[in-house]
Amino acid sequence: MSIPKNYSEYRSDIDGLRSIAVLSVILYHVQLSAFEGGFVGVDVFFVISGYLITRLIVKEVTSTGGFRFGNFYLRRLRRLFPAMFLTILLSLLFAVSLFSTEHLQRFGGAAISAIFSFSNVFFWTESGYFDSAADVKPLLHTWSLSVEEQFYLIWPAILVALLCYVKRLTFLALCALAAVSFALNYTVFDGEVTSLQLPWRVREAISDGPSTVFFLMPFRIFEFAIGGAIVWIERRSLPTLLRKLFFGVGLLMILVPIFTYTEATPFPLHYALPPCIGTALIILARVQSGIGRVLSNPVALWIGLVSYSAYLLHWPIYVFYSYYVFTPLTLAEQLGITATTFVLAGLMHRFIEEPFHHPGLGAYRQFGTRRVLFTGGGLLLCTLVLVGSIYQSEGWSWRLPPKSIAEELDLAYSEVNVPDGMGAEISMGKQVLIGAAPEDATRKGLIIGDSHADHLRWMFDYLGKKYDISFMTSTMPGCPPVFGAYKIYNDPSLANRTSACRTNIDAWESFATDARNDFDFVVLASRWAWMFEPEDYGLYSIRVDYLIDRANAPEIPTQETSREAFRARMRSTIETLLDAGTTPILVSQAPNHGKELSGCKVPGLFFTDEQIRDRCSGVSQDLVRQRLQWIDDEIRAIAAEFEIPSVIPTDFFCVLGEAHCRSMIGTELTSNDGNHLTNAGSLFLAHSWENSWGEMIPAPFYASREEAKALQSTTLD
């Protein structure tokens, strides 16, 4: 196909598209429920960028016979970097004033990665984009800017080479590149990458398929290429009726995903095609009057003009405001954040974007290029020194009170990896050795379950070292250690875990009862209430999963069938372990404080001590006890029935007469995300449980159950 000859310098419909894109992203990010699919606005931006950059490159190459890469990158730098740098600088000031040490340290790493355009890689190595921890990452949204900037690094070179050497095949080559990028989405998304001929370290790195295809640039190339393809297709003159049809269909293809997609939608994959193709159809239609006024009216045009500044500012504003109030936002607050974003975006566009993008205009024209580069370079260097210091010094801990004794106890913790072959049948999760060294231990135990078993490592490391017991931990996220049962993860993005958990439970049973392992006891722990309690939890909402009895699977799982499965299968689990000659220890669930607590310990610059205590308090103790009463009572009953030890965390964290369950001991948090124990919380539970024994020390901490029973009987007499 030949190269189009006619280009217009300004397209009002493209600014209108930008307005839809940025509004959808902002309204999604402030958590307006109607815009759950608003994240597709980023894909609209990608298509627009692909079109504009390809058009610019093609125009220069065809008109001059070459391409000035230096000028191209200087223009990109002037267009993108000043506003982004100011956003990072302002975010740094707020982060230092508001953030806890762990969040400030993470911010330091994010700031460095954003400045050097690899924040998509930085956040890929952390949790997913839709993770709850996203709410404490004010630079998370810069991942998409890094994807664009990485695209700018490779696209001009590829396109110029094709235009200069195989001009007639350029369009087909770009289509082939897009097809490869799109196919890679399906190759990597499910995490089954063992068939790829890649080094094992690379296969391990991309095994988290959904995050890999979401964050990394190669898997987004097809979206930019869809925009680029328009440059070749738009040369054909289209009838007015067809252009209006393209416009209407394209608009629907963007709007429907915005209102129907959710965080559970697998993305990008083919779900990215409707908004991308819809954007391409609107660009191709070139409708700027009549029905095109939907995108070309003054309001849409102004929003489109300030869309880059609005995109940069909205997420830090949301994160820092939410961090300050530390409660779910009201509708008025959500709309207030949106309005504030556009007011500040207008100012940033006027005084930062425009002067740097068009240096010959405005109040900045008296500054020469050298002076701007010198001043900007100095600020950049100072900022890098500051954020580097924050990252290396663990978040400037000097801003907070000194460490407490509880935190210092963590220095005694140690773990080693499980030797090769030991526990190899466990299909998924984490396995480590803690407590006494295996060669020095007089007894050994196994800890199995989900992350609520994993957070007991500090507890049993302390007890193991004190009582000469070596522990092996084997945990899998969300998987309950109930033999003869399995769990349904009520989340489409976690569907593959149901079968993996079932396999793990079988492996746990085989491993725990194998006479060759000769475990003296087995600890069973999980986030039990996930399967037995309703979704509503005060102002918060918690996913509801289901426990299924394999021998008596219900047609429709419910909360009650899950409870029945636990009553039956946990008793048979205990019997199986006792028959194998080991002593089970049942651990109930740690209190769920109902909200993220990792950011509650903050500097006192803007907060009083009372405000900090309130921030670190979760839902009421009554609500915690109400949610955990069933599982606490059931575990007490099973432990009493079989005369085995049990640990009921609410007995120690939820003191009668206090309004809230304890989330802090001294100055240290006992929970960081609202339901998992910190090292200090795990150690507090260890000491509290140990102190509750009196002279009735649980059987596993003696050479045999018979010896422990004899001692307890003597003590009672």
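User: Which residues line the largest cavity?

Analyst: This is a predicted model, where local features need pLDDT of at least 70, side-chain atom pairs count only at pLDDT 80 or more, and totals for chains, interfaces and linings use all residues. Residues are numbered from 1 along each chain as its sequence is written, and side-chain values use heavy atoms, with hydrogens and water left out. On a 1 Å grid over the protein atoms alone, a cavity is a set of points where a 1.4 Å probe fits but cannot get out, and lining residues have an atom within 4 Å of a point. Here the lining of the largest cavity consists of H452, H455, L456, A525, S526, V587, S588, Q589, A590, P649, L677 and L685.

User: What is the volume of the largest cavity?

Analyst: A volume is the space filled by probe spheres set on the grid points, which are joined across faces, edges and corners. For the largest cavity this is about 50 Å³. The whole structure has 3 cavities of 30 Å³ or more.

User: How many disulfides are there?

Analyst: A disulfide is a covalent bond between the sulfur atoms of two cysteines. The criterion is a pair of cysteine sulfur atoms within 2.5 Å, and the count comes to 3 disulfides. One of them joins C479 and C501, with sulfur atoms 2.1 Å apart.

User: What is the handedness of the link between C479 and C501?

Analyst: The link of C479 and C501 is right-handed, with 85° about the S-S bond.

Key: On a 1 Å grid over the protein atoms alone, a cavity is a set of points where a 1.4 Å probe fits but cannot get out, and a pocket is an open set with protein on both sides within 12 Å along at least five of seven lines; lining residues have an atom within 4 Å of a point.
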